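Please open the model in your viewer and keep the selection panel at hand. The tour below begins at the ligand and then moves out to the sheet and its helices.

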Amino acid sequence: MTDADIRAKLRSLIDPELGLTYDRLGLIGSVQTTSDAIKIGVQLPTPAYPGRERIGEAIGSALSSSADGRKIDVTYTWQVLGRETGGKIGLRIKNVVAVGSGKGGVGKSTTAASLAYGLKHFGAKVGLLDADVYGPSIPLLTGAKGTPVVRDIELPNGQKIQRLEPIDADGMKVLSIGFLIRDNQAVIWRGPMLHKLLTQFLQETDWGELDYLIIDLPPGTGDVSLTLSQLLGLAGAVVVCTPQKVALLDAIKAISMFDQVKIPVLGIVENMSGEIFGRGGARAKAEELRLPFLGEIPIDATIRVRGDDGLIGSLFEDDNPVKPHLLRMVQNVAMQITRRVLVDAPMPSLEIL
Ligand code: ADP
């Protein structure tokens, strides 16, 4: 059996997560055959791919009958798939993902920070941009401190440009208006100022090469989303809501807002699910709207305490009751981003609502 025969046998296998062929996902990286082994290098589209062993098992069964007693050895690497839509404004970021909500206080910033730290936990290169200019809480949640400075950068062609340097939070680049204004200072943003600030935070900032940039949006309003949509076109938006009925109505408003500014919705996260607010409302709503449900984050004091202490990232570093839920949410989001890159599914229209 030649390497080409092996590739042909694996090409049309279907991946268990997205239901796409291995060929479409580009899963089979390398194929090497020796006298005693068939070595397959699987290349995952995101390091947050859940249950990679299932791919190994499927490859094992697909090749077993023609292996002639040779060992089938599957190894895994990853390379994040992305459309790099920010390329037109000079960004080298594979996927720019917004996190939004219909109203404040639902845990949007906590979810955005958790998503960023979670993707980093899996090994991806991640940045976190706080675009919630009316209530920037990313500095508090990450514990990152400092004042971003503007640096001269020399391009390979000798041209000198100036770039804003994000703040380092545990090896992750973070930027927020909170680093630039005094504590408790209220800022009134007029449309053009907001547009200018976001342009600077994206186009004139040294983000470097990233797999994912997570953007924490202000709750509700569409002006920031519209600017983002015009500037770079996003991989998609995650909508965060709490399980009660009224909160779900707000989530629908957020979805309809993204719809209007042409940002695809990746799905809905239910935050603070548990005894107080109930559970399952967002899942049911997601099903009704035919949107992916991205997971439940329980209401748990661990989250509030770590957030207040600037230690949201530590939720991925030790055993705590919310970690498995957060990991699952991060994996679901990563998979929906991948699906969007490969399948240009149309947005469900909300006009029927
Ligand atoms: P938003 O960005 O939607 O305004 P935040 O992320 O700032 O909301 O969260 C609001 C408050 O709720 C914070 O004090 C945060 O620590 C707390 N919080 C968020 N999610 C949870 C949760 N799942 N369990 C407990 N507290 C939470």
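**From the ligand to the sheet**

Select the ligand and its surrounding shell in this predicted model: the largest share of that shell, three residues, is contributed by α4. Of the 15 residues around the ligand, the ones that come nearest are G105, K108, S109, T110 and P298. Counted by class, the shell comprises six nonpolar, six polar and three charged residues.

Next, display the backbone of G105, where a polar atom lies 2.8 Å from an oxygen atom of the ligand, and then that of V106, where a backbone N or O atom is 3.0 Å from a ligand oxygen. At S109, a polar backbone atom is likewise found 2.8 Å from an oxygen atom of the ligand. The protein covers 81% of the 560 Å² of accessible area that the ligand has on its own. To see which elements give two or more residues to the shell, colour α4 (108-122), β12 (265-273), β13 (293-298) and α10 (301-308).

Now turn to the open sheet of eight strands, whose order is β8-β9-β5-β10-β4-β11-β12-β13 and whose pairing is mixed. Its edges are β8 (167-169) and β13, each of which pairs on one side only, and neighbouring strands are turned by 25° against each other on average, direction ignored.

Within this sheet, select β5 (residues 126-130) and β10 (residues 209-216), which pair in the parallel sense over five bridges; L128 has I214 in β10 as its bridge partner.

Helix α9 (residues 281-289) lies across β11, β12 and β13 and runs at about 160° to β12.

Key:
Residues numbered from 1 in each chain as written. Predicted model: local features only at pLDDT ≥ 70, side-chain atom pairs only at ≥ 80, totals over all residues. Heavy atoms only, no water. Near = heavy atom within 4 Å. Polar contact = N/O pair within 3.5 Å; in protein donor to acceptor, adjacent residues only side chain to side chain. Areas by Shrake-Rupley, 256 points an atom, 1.4 Å probe, with all protein chains shown as cover. Helix = DSSP H or I, 4+ residues; strand = E, 2+ residues; numbered from the N terminus. Nonpolar A, V, L, I, M, F, W, Y, C, P; charged D, E, K, R; others polar. Pairing = 2+ DSSP bridges. Axes fitted to C-alpha atoms, helices over the stretch in contact; angles between N-to-C directions. Contact = heavy atoms within 4.5 Å.
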